[in-house]
Amino acid sequence: MFMGKMSLRSRYVPGGLYFGPPAWDAPVWPARDIVESSPPTLLPENPEALREVLQRLNIGRQDTWAPALLDQLRGGAVSDVVLNLVAPQPESILPRVLSEFELPQLVTGLNLVRRCVSANRAILAIPRDESEIRYQWGAVAKGHPFVVRPLINRYPLGHPSILLRSLLGLKIQPYASPADAGVILLDPMTCWILGCWIEFGGVPQWRPIELFTHNAMPRLIAANLGQPLSQIFSDAGIIYKERQCIINGMMAGELANPEQTVLEPWIRIISLRPPPLVEQSVDCIRCGWCVNACPAGLNPAGLMAQVRMIDSLPAISAQEASACIDCGLCTYVCPSRLALATTIHSLKTGDARADTPGEAT
Ligand code: SF4
Ligand code: SF4
């Protein structure tokens, strides 16, 4: 089961923003037998029953780019379920891989959620350039109440507040729940696990992990939940000592200590790189690139200037900064190497966040 040879190939920021590795081929789907074979006889029919299932299966915690389904199931009116197949980070291929190899389970999981929240339809949010995924889901949609919506660009379109605005014209606060707008946003991993539970009677105790290492081709591996990251690297023959380990993407991920961090369900991408050279930033040259890049419509340079000018920040700055989604794009594009995203994050939260991966390149 799950064996197979893999063959892969904004209006805010025109032209697309894919700056990870070029489309890469993972040699195989990281196949493992995963579950018992006693499918559930009774399926949940409402949000409360689905909540219980999610708790029982321990499917809960997600990162800020993928709100936990458990938290969204509040029982309020739901108009749509959106399956978010936009890559959560520029280099990620997992939505594409799951669509290619686990489509039946995704369809099963999606229909389960749709039925439990009484949504009439499910919307598939798919980047326009992902023609294979669009084709696959387009074929499936003929037999289900699914609507395929191609979207321009990739990162950071996958962020809920950007996605719902692009997809449905809905405005939600940067880290508010999509359920506030009557939408359930489903990430493909949760959808897949629910589908596996229905079809095979259990959930996988491993996860497909995208591994990005300096000077090597990206890899897709299978790793067991609870396994230390150091063990995962050793098993994969990857040197991790004296490297920076970043979880869930180079743009907006978290630094981790591989010896002290274990694989949890919310970890999808692990990157290793040599510690970055310390680069001297220079003054803002007012090029405006950060303003053009910001998907939240902020003026990162202006916010940075305010932080530098005064010690006690006016409430208005913090309020404006609260719209930041921590995508890291402003830092990425800044030719003056200014630590914009970290500074704006500090402004937003009132505390300093050191060593944000996206800041140090
Ligand atoms: S990290 Fe920068 S580009 Fe991204 S939303 Fe925040 S201010 Fe805008
Ligand atoms: S991208 Fe950097 S240099 Fe350009 S306006 Fe923004 S802060 Fe200034």
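This is a predicted model: local features need pLDDT of at least 70, side-chain atom pairs count only at pLDDT 80 or more; totals for chains, interfaces and linings use all residues.
**Around the ligands**

Let us begin with ligand 1, which sits in the second largest cavity. It is surrounded by 13 residues, and the closest are Cys-294, Cys-324, Cys-327, Gly-328 and Cys-330. Sorted by class, this shell holds 11 nonpolar, 1 polar and 1 charged residues.

Now turn to ligand 2. Which residues come nearest to ligand 2? Of the 13 around it, they are Cys-284, Cys-287, Gly-288, Cys-290 and Cys-334. The shell of ligand 2 has 10 nonpolar, 2 polar and 1 charged residues.

**Salt bridges**

Side chains of opposite charge can pair when their charged atoms come close. In this model the count comes to 6 salt bridges.

| Salt bridge | N to O distance |
|---|---|
| Glu-45 and Arg-115 | 3.4 Å |
| Arg-121 and Asp-80 | 2.5 Å |
| Arg-96 and Glu-130 | 3.2 Å |

Take the pair Glu-45 and Arg-115, whose side chains meet in a salt bridge. Glu-45 lies in the segment before α1 (47–56) and Arg-115 in helix α4 (residues 103–116), so this pair ties together parts that are 70 residues apart in sequence. How accessible are the two partners? Glu-45 has a relative accessible area of 49%, so it is partly exposed. Arg-115 is partly exposed too, because its relative accessibility is 33%.

The next pair joins Arg-121 to Asp-80, with the closest N and O atoms 2.5 Å apart. Here the link runs between two strands: Arg-121 belongs to β2 (residues 121–127) and Asp-80 to β1 (residues 80–84), and the two residues are 41 residues apart.

Finally, Arg-96 forms a salt bridge with Glu-130, at 3.2 Å between the closest N and O atoms. Arg-96 is found in helix α3 (residues 94–101), whereas Glu-130 is in the loop between β2 and α5 (131–141), so to speak a link between distant parts of the chain, 34 residues apart. Both Arg-96 and Glu-130 are buried.

How values were computed: Residues are numbered from 1 along each chain as its sequence is written. Chains are lettered from A and ligands numbered from 1 in the order in which they are written. Side-chain values use heavy atoms; hydrogens and water are left out. A residue is near a molecule or strand if one of its heavy atoms lies within 4 Å of it. On a 1 Å grid over the protein atoms alone, a cavity is a set of points where a 1.4 Å probe fits but cannot get out, and a pocket is an open set with protein on both sides within 12 Å along at least five of seven lines; lining residues have an atom within 4 Å of a point. A molecule sits in a cavity or pocket if more than half of its atoms lie within 2 Å of its grid points. Ala, Val, Leu, Ile, Met, Phe, Trp, Tyr, Cys and Pro count as nonpolar, Asp, Glu, Lys and Arg as charged, and the others, Gly among them, as polar. A salt bridge is a side-chain nitrogen of Lys or Arg within 4 Å of a carboxyl oxygen of Asp or Glu. Helices (H or I, at least four residues) and strands (E, at least two) are DSSP runs, numbered from the N terminus. Buried means under 20% relative accessible area, exposed over 50%, partly exposed in between (1.4 Å probe, protein chains only).
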